[in-house]
Each structure stands twice: as structure tokens, then as C-alpha cells.
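Take a moment to look them over before you start.

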Amino acid sequence: MRSLTAFLLFVCATSAFAQAEDPPEVLRAKAGIEKLRSLVEAGVAPRAQLDAAEAGLADAQDAALLRRMVYGTELTEDQADEMIAAATRRLERRKKAVADARERVDSGVASLLSVTPFLEEQDSAKKELDLAESRARVTRQLAEMARSEEALEARLNHEPSTNHEFADRYDGDGVFTMATFAHVELDFEKEFGKPLPVSAMGETAVHRSLGFDHRGRVDVAIHPDQAEGRWLLEYLVDKHIPYFAFRQAVPGKATGAHIHIGPLSTRYKLGG
Ligand SMILES: [Zn+2]
């Protein structure tokens, strides 16, 4: 008996080591499946039970992915898509569970009350999807803003002296530090009674995925032509703080408007 316990501990330790990335519920589901598979192969457990366990594993993996992404701070656009797909799959599984539970009620083998827990699970999966969608929206807006900066940078490289209709530029004294930014935030809040809507503080996963160095820069999700935007631009000029004010991502596209504080970002040089 003791040797069996030792053996099991060894197996658990090895698999935990091999899959350090997996959260506990995924590890549990995987271990359960291995056991079931051998039982199914030995003919002592039904195949349907293994199928159900495999569906459970897929669901646990989706839940782990969502937890990492919805509550994580760094997301690329691709990850935002993955997150939505996982939340959608989780909702679909729960809709199916509700339909199955209703079927059991209809055929008289279960009471109406038995549907309630499935409905509750479906409801929380819907909320999970809403949350994932709002996170994805923020990521996409951030990406639009980053693209507008990328477009301007490319244009300035080719025609440094041209006027650029989709962004206003102010060079100030060329210096922008986080200590300066603390004052900008405080003064904005004093003026408008709400926090400055910062969309990107320094570098983000979106900027890195675009190969864009946004360190030491801040993006604010305010249209330069709205009252708060006009106030902010005047304030920055008054303090000689450099900015770029974007009205749109690319000419003709109505997204990506924001105020970038600090010098313009540059491309990361490939190969150092
Ligand atoms: Zn920026």
C-alpha cells in the first residue's frame, strides 16, 4: 500500500513538473481522462463517459485561457480573438447543457427545478463573454491608435516636411518624463473631476506585436477636437510637453483618434 502511494505521488510530481503551465483544474481533468481511457480500453467504462470527460477538459482549458486573458493586463489582437472564441465555446456548451436538461424534463425523467443550475451556469457564461468582448474592444481600439502612429511615422520618414492632415504635431522642448505625466494627470482630474482616460501607458503587448517602441510615451483616448482634448492640447503647449494629436487612424477612417504625449514612437531595429 505504501509503495502504491509513493508511486502515485511520483506520478503526480512528474506530470506537474512536465506541465507546469497547466492550472490545477486542467491537470485534474487530464489525469481523470487518462484513467478513464484505460478503463474504456479494458471495457469496464462506457465510451460516452470518456467523451464527456474530454469535453470537460476542453472547457477547463478555455476557462484557464479566459482567466489569463480577461484579467491579464497584456493582450495582442490575436489573443483578443482567441479569448472571444474561448468564451463563445463556453457559452455554447452551457446552452447545450440547458437544452439537454429541458429535454430530460420534457421526457419526464427530471423535474423542472433541475434546469435551474444549468440556467445559472449559462448566465454566468454570458457575463464572461460580455467581459471578454469589452476587453477585446479596448485592445482593438489600442491597436487602431498604434496603427495611426505607425502610419504617421512611415509618412514622416518619406516626406518629413509635409503637413499631415490626420495628426497635429507639437515638439515642445522635446522632453517627456513620467514625473511630468503625474502633473498632467493631476491637473486634468482637477479640471474635469474624473481621471485622464489613459489607453496606453508606455509599451503594451499591442505595440510590441507591431514592432513599435512606445516606451516612455502615453496615449490618451480623447479626440483632439472635443472640449477635453482642446484643453489638454493647450495645457501641453503651455508646459512645452511634446504631443501628437490624431484625428483618425488613417485618412478616411473614423477610428484611432487619440492624443499621444511624448516624442513619436520609433520602429524597433531588427537584428539590434
Ligand atoms: Zn502613442
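The sections below go from model confidence to the cores, the helices, the strands and a few single residues.

## Confidence and numbering

This is a predicted model, in which local features need pLDDT of at least 70 and side-chain atom pairs count only at pLDDT 80 or more, while totals for chains, interfaces and linings use all residues. Residues are numbered from 1 along each chain as its sequence is written.

The mean pLDDT (the predictor's confidence in each residue, from 0 to 100) is 85 for the protein, and 86% of the residues score at least 70. Helix 1 (residues 2-18) has the lowest mean pLDDT of the elements, 42, while helix 8 (residues 227-238) has the highest, 97. Please be careful with residues 1-20: pLDDT stays under 50 there, and the model has three contacts for this stretch beyond four places in sequence. Two residues are in contact if their C-beta atoms, placed from the backbone, lie within 7 Å. Where pLDDT is low, the predicted coordinates should not be read in detail.

## Overall make-up

The protein has eight helices and seven strands. Both kinds of element are DSSP runs numbered from the N terminus, with helices being H or I of at least four residues and strands being E of at least two.

Of the 272 residues, 24% are buried. A residue is buried if 20 or more other C-beta atoms lie within 10 Å of its own, exposed if 12 or fewer, and partly exposed in between, with C-beta atoms placed from the backbone. Among contacts with a separation of 6 or more, 64% join residues 24 or more positions apart.

## Two nonpolar cores

A nonpolar core is a set of buried Ala, Val, Leu, Ile, Met, Phe, Trp, Tyr and Cys residues joined through C-beta atoms within 7 Å. The largest one has 28 residues, and Val220, Tyr243, Ile259 and Ile261 have the most contacts inside it. Two or more residues each come from helix 5 (116-158), helix 6 (178-192), strand 4 (218-220), helix 8, strand 5 (243-246) and strand 6 (258-261). Helix 5 gives the most to this core, with six residues. Apart from this core lies another, of twelve residues, including Leu66, Leu75, Ala87 and Leu91.

Leaving out residues up to four places away in sequence, Tyr243 touches Tyr170, Leu233, Leu236, Ile259, His260 and Ile261.

Helix 6 has Phe181, Val184 and Phe188 as its buried residues. They cover an arc of only 50° around the axis (taken from the directions from the helix axis to the C-beta atoms), which puts them on the same side of helix 6. An α-helix has 3.6 residues a turn, so residues three or four places apart point the same way. On the other side of helix 6, Ala179, Ala182, His183, Leu186, Glu189 and Lys190 are exposed. The cover over the buried residues of helix 6 includes strand 4, helix 8 and strand 6. Just after helix 6, Gly193 takes a positive phi of about 65°.

Pro24 belongs to helix 2 and counts as exposed, with 10 C-beta neighbours inside 10 Å. Just after helix 2, Gly43 has a positive phi of about 80°.

Strands pair if DSSP finds at least two bridges between them. Strand 1 (residues 167-170) runs antiparallel to strand 5 and is joined to it by four bridges, with Asp168 opposite Ala245. Strand 6 is also antiparallel to strand 5, again with four bridges, and here Phe246 stands opposite His258.

Which residue has a positive phi although it is not a glycine? His240 does, at about 60°. Most residues other than glycine have a negative phi, and most peptide bonds are trans. His240 sits in the loop between helix 8 and strand 5 and is partly exposed, with 14 other C-beta atoms within 10 Å.

Lys239 is in the loop between helix 8 and strand 5. Its C-alpha lies 9.4 Å from that of Val184, although Lys239 and Val184 are 55 residues apart in sequence.
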